[in-house]
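This report goes through the strand pairing, the sheets and the chain contact of one model. The sequence and structure come first.

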Amino acid sequence: MIRFILAIFAATLGLILIIPVLAGGLVFMIVASLVHTIAGWLEPPVLRWQQIYEFDAELGWKAKAHLDCHLLEDRDDIFHVVTDEHGWPGTMTIERSEVVVFGDSHAWGYGVDHKKAFSQLDPSVPLKAVAAPGYNLVQELLLLEQLAYQLKGKLVVWFVYIGNDLFDNLSPEMSGYRTPFVRQVNAEGKWEVVTRHLSPERWRASDASKLRKYYPILPALYSDTFLARRAYAACRVLIEKGAEVCRGVGADLVVMAIPSPLALNPVLMQQACKEKSFSSSIDVELPDRELAEICREQAVRFISLKQHMTPQHFKPFDDHWTEEGHRNVAHILGTLHREWKHRH
Amino acid sequence: MYLPIRPRRTHLQVFGVTMVLGTGLLAGMIAEQIAAGWFWQISAMGVILAGIVSMRPTVMSRAYEVWRSFAELYMRVARWTLKAVCFFILFVIVGRGGSTLPLGVQAGGIQWGERKSLSRDEFLLEFEGTAHSVPAGKWFSAYVQWAKRSGNTWVLMLVPFLVLLAYFDEDVQADIPQNIYTLF
């Protein structure tokens, strides 16, 4: 009892003593409360990326159709998303378009409001993006094949994101999601597309089903390694097949390589190599050189966005483009479209 | 209490407008003391500036970071003060009331006391705190019960300090690793 009485006295004394400290922080508390509360009122209801995808038996996944919502990217901000009846971004149809862009989240416009995505910026370019976040080149090739007859007489632009596509082409899963991939089936070097493992079930056959980090992998793709040789060999097969599909329907294919922001900043690249004790010499031009060579062999035009982009075109905390980056890509595509029109 | 580590556009907007309006209001009131009629002029200027800030919230990025670091510093000081009050005032004063633990010198001038081994079932009770975890929402009633049962009702006086410590707790906003492609 005596201790309880003493505690009441001590607690009262202590609370009186900390009143000045609490008063000193009042302004911080008020500002923080206002920011949280008012921002909560102002922001629209948001979805997380997991809520906008659905299983697709041929491609692994795709975005849901007829979306008109806001997505929250934890590392960045909220952005507006609009999809058509197939889950592709925007409302433009392939039939009405002259340029069809195949790609991953960059082509999908992930991270910026729908109206500010490259596919919506230039009304003089009838452009349709056919893409979904997380796609690799194998999924994009399958899409090309699916939509081949709608591509007749059009300009087809195929985005290759160096930051993850090269590796993802070889992997049966991406952070737990089953994805089409390519593998070598015999010693002759023949490659095949594998899709029979696709299902809505989470991939559990390997430890790789954790969130994948690409930056530790990238140095290996920028130098002469076993992984790099396999990755570029797979790219060769995929681009050959894509070129064949386009030739078959009379479409003009252009391969556009999107650099990883890492490659635009040599200091970051060196840092990544050091962190992983990667001793091989890094050649930041290697992916573009390899892809350019593959495209040259297939008589496919190759454009390296590395020559046109700066780190400012990428978001600071993820690999997606900023609004400025999208404007830049829209400008490049506009020029490409005019040249293409001029030739036809 | 903490502002988000990575503010969204709306966070910057609200922060910017709050700061500009607040500063404008304060400056207006001070100016009014110096010369009559200045309050409205300065407040109007604040409103115009707030409009600009809400259109271009990124101009407040640096100010936001500075404000956030000051808030963090304040929280650290507040935590330290609270702990100091608990350790150097509350515990010291309560300690004067004695302890239920047999800390005194035993008969014969030694502190050696015979201990019997616990029975098998009692071993579980020894770790009661961890063996029966309390649901997060019911910690207070469990705390009160424990205080009564153990004869330490004085610990109830720690509750305001615990609540404040929780409020001023370290910033545990999940820092999402950068440079990863995280969609899947």
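## Hairpin in chain A

Strands β11 (residues 181–184) and β12 (residues 191–194) of chain A run antiparallel and are joined by 4 bridges. Helices (H or I, at least four residues) and strands (E, at least two) are DSSP runs, numbered from the N terminus, and two strands pair if DSSP finds at least two bridges between them. Arg183(A) stands opposite Glu192(A) in β12(A). The hairpin of β11(A) and β12(A) has 6 residues between its strands, and Gly189(A) takes a positive phi near 90 degrees there.

## Basis of the model

The model is predicted: local features need pLDDT of at least 70, side-chain atom pairs count only at pLDDT 80 or more, and totals for chains, interfaces and linings use all residues. Residues are numbered from 1 along each chain as its sequence is written, while chains are lettered from A and ligands numbered from 1 in the order in which they are written.

## Five-stranded sheet

In chain A, 5 strands form an open sheet with parallel pairing, in the order β7-β6-β8-β13-β14. The edges are β7 (127–131) and β14 (301–304) of chain A; each has a single partner strand, so one side of each is left without a neighbour in the sheet. From one strand to the next the twist averages 20 degrees. Axes are lines fitted to C-alpha atoms, for helices over the stretch in contact, and angles run from 0 to 180 degrees between N-to-C directions.

Strand β6 (residues 99–103) of chain A pairs with β7(A) in the parallel sense over 5 bridges. Within this pair, Gly103(A) stands opposite Ala131(A) in β7(A). Helix α12 (residues 323–343) of chain A packs on the sheet, where it touches β6, β7, β8 (155–161) and β13 (252–258) of chain A. The direction of α12(A) makes about 145 degrees with that of β8(A). Residues are in contact if their C-beta atoms, placed from the backbone, lie within 7 Å.

## Three-stranded sheet

Another open sheet in chain A has 3 strands in the order β1-β4-β5, with mixed pairing. Here β1 (46–47) and β5 (78–82) of chain A stand at the edges with a single partner strand each, so one side of each lacks a neighbour in the sheet. Strand β4 (residues 68–72) of chain A and β5(A) pair in the antiparallel sense over 5 bridges, and Leu71(A) stands opposite Phe79(A) in β5(A).

## Contact between the chains

Chain A contributes 46 residues to the contact and chain B 36 residues. On the chain B side, α1 (9–34), α3 (61–95) and α7 (159–167) each supply at least two residues. The largest share of that side, 10 residues, comes from α3(B).

Key: Two residues are in contact if their C-beta atoms, placed from the backbone, lie within 7 Å.
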